[in-house]
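Hi there,

Here is the structure I promised to pass on. Have a look at it first, and then read on for what turned up.

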Amino acid sequence: MTLTQVMRAGRPVQRIHPTTFLFAARALRDMGDGFVAVLLPVYLLALGFAPLQVGIIATASLLGSALLTITVGVLGARHDHRRLLLAAASLMVATGVAFSLVNDYALLLVIAFAGTINPSAGSVSVFVPLEHAVLTREVTDATRTRMFARYSLVGALAGAVGALASATPDLLASAGLDQLAGIKAMFVLYAFLGLLGGLLYAQIPQRRPATDSSTASALGPSRKIVFKLAALFSLDAFAGGFVVQSLLALWLFEKFDLSLSEAGFFFFWSGVLSAFSFPVSAWLSRHIGLINTMVFTHIPSSIALMLAALAPTLPLALVLLLIRAALSQMDVPTRSSYVMPVVTEAERAAAASFTSVPRSLAAAVSPALAGALFAASFRAWPLLICGALKIAYDLLLLMQFRHLKPPEER
């Protein structure tokens, strides 16, 4: 019996909704991702590695996440989601401990590939498809978009707090502790957050997938829709990989000589702006539709990113990046909410996996390319490429899917 049940008249009664535990677990996980994304390049540079090697580590971690998500997509059709989430939380614990102990580049590359380190501090994660599947089964269609907005809001706020916490090694250094030792302590904290997340996942009720195990992983009538969405989402993710948070932090460190404390403060407010854009996104989607919300908030954010790449001063660059932060993530809850109703109920778990895995694979390629551009001193190019590709994605999405509406918009 979980903590959420009490015995009343011989029957178990659910006291806390399962989504509450998922929201809390995501908050802990995104807090860890928030400070790891900022600390990762600092840690690797402090160990003596070059920017190209930082980019390769980021690519390895994203590629590993993609392959883990493929595995979860296959297993999720036949196994209890709670058990898979517990396994993922255990892997997060092991990853944090390993990063705190290892200094060798080759071993760090293996750990980044096989573990849960997330340089994007976003939704590229083995946890996400499992959480989406559980959340969708626990709410109605009428509340789906608002639920995904709250889910994204919780994650973004926690990620912002995590980014602010990335200044902890500097604070510890002022107290006499070596900065490198402080960063290692933060990886131990990351492992502890994974442990707490596992305790929360353990409270989710066990429930096997409702579909027959022999057909649960197959896509049926919605195959064409899912493949088109997967291709477009992959383009978006490939573009975003040029400016994952670790590489954006590296750009700020190298171009403007930003300190770790200043970077943590900036990424905190960036995360706060992203977080409060999610309920705005849910409100806006009720008035102009999910696709229009995704496209017409995304394009201005990409323009702001490209302008930031060319900004001559730090204050101007930070203002443009904050404008981008306020707009760029408004497509996250709307995208999640759009995929679920445009496929049949039996296909939802498979659709979540098929649209998530290509995104992760595409996002895994570009950080190494961005690292190479940084190493060649073409520091503005990753931001410019990211913005241009994202605008292309938005226009293609609008052309392909503006006529395919979810039930609530028909």
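A quick definition before the helices: the axes below are lines fitted to C-alpha atoms, for helices over the stretch in contact, and angles run from 0 to 180 degrees between N-to-C directions. Please keep in mind that this is a predicted model.

Let's start with a helix pair. Helix H11 (residues 260–288) and helix H14 (residues 331–339) have axes that come within 8 Å and cross at roughly 50 degrees. That angle makes H11 oblique to H14. On the H11 side, the contact is made by Phe278, Ser281 and Ser285, and H14 brings Val332, Pro333 and Thr334. Sorted by class, this contact of H11 with H14 holds three nonpolar and three polar residues, with no charged ones.

Searching the whole structure gives four cavities of 30 Å³ or more. The second largest cavity holds about 260 Å³ of space. Its lining has 20 residues, and the closest to its centre are Val128, His132, Arg335, Ser336 and Ser356.

Which helices each supply at least two residues of that lining? They are H5 (127–138), H6 (144–165), H14 and H15 (348–375). H15 gives the most to the lining of the second largest cavity, with five residues.

Note on methods
Residues are numbered from 1 along each chain as its sequence is written. This is a predicted model: local features need pLDDT of at least 70, side-chain atom pairs count only at pLDDT 80 or more; totals for chains, interfaces and linings use all residues. Side-chain values use heavy atoms; hydrogens and water are left out. Helices (H or I, at least four residues) and strands (E, at least two) are DSSP runs, numbered from the N terminus. Angles under 35 degrees count as roughly parallel, over 145 as roughly antiparallel, 65 to 115 as roughly perpendicular and the rest as oblique. Contact means heavy atoms within 4.5 Å. Ala, Val, Leu, Ile, Met, Phe, Trp, Tyr, Cys and Pro count as nonpolar, Asp, Glu, Lys and Arg as charged, and the others, Gly among them, as polar. On a 1 Å grid over the protein atoms alone, a cavity is a set of points where a 1.4 Å probe fits but cannot get out, and a pocket is an open set with protein on both sides within 12 Å along at least five of seven lines; lining residues have an atom within 4 Å of a point. Grid points are joined across faces, edges and corners, and a volume is the space filled by probe spheres set on the points.
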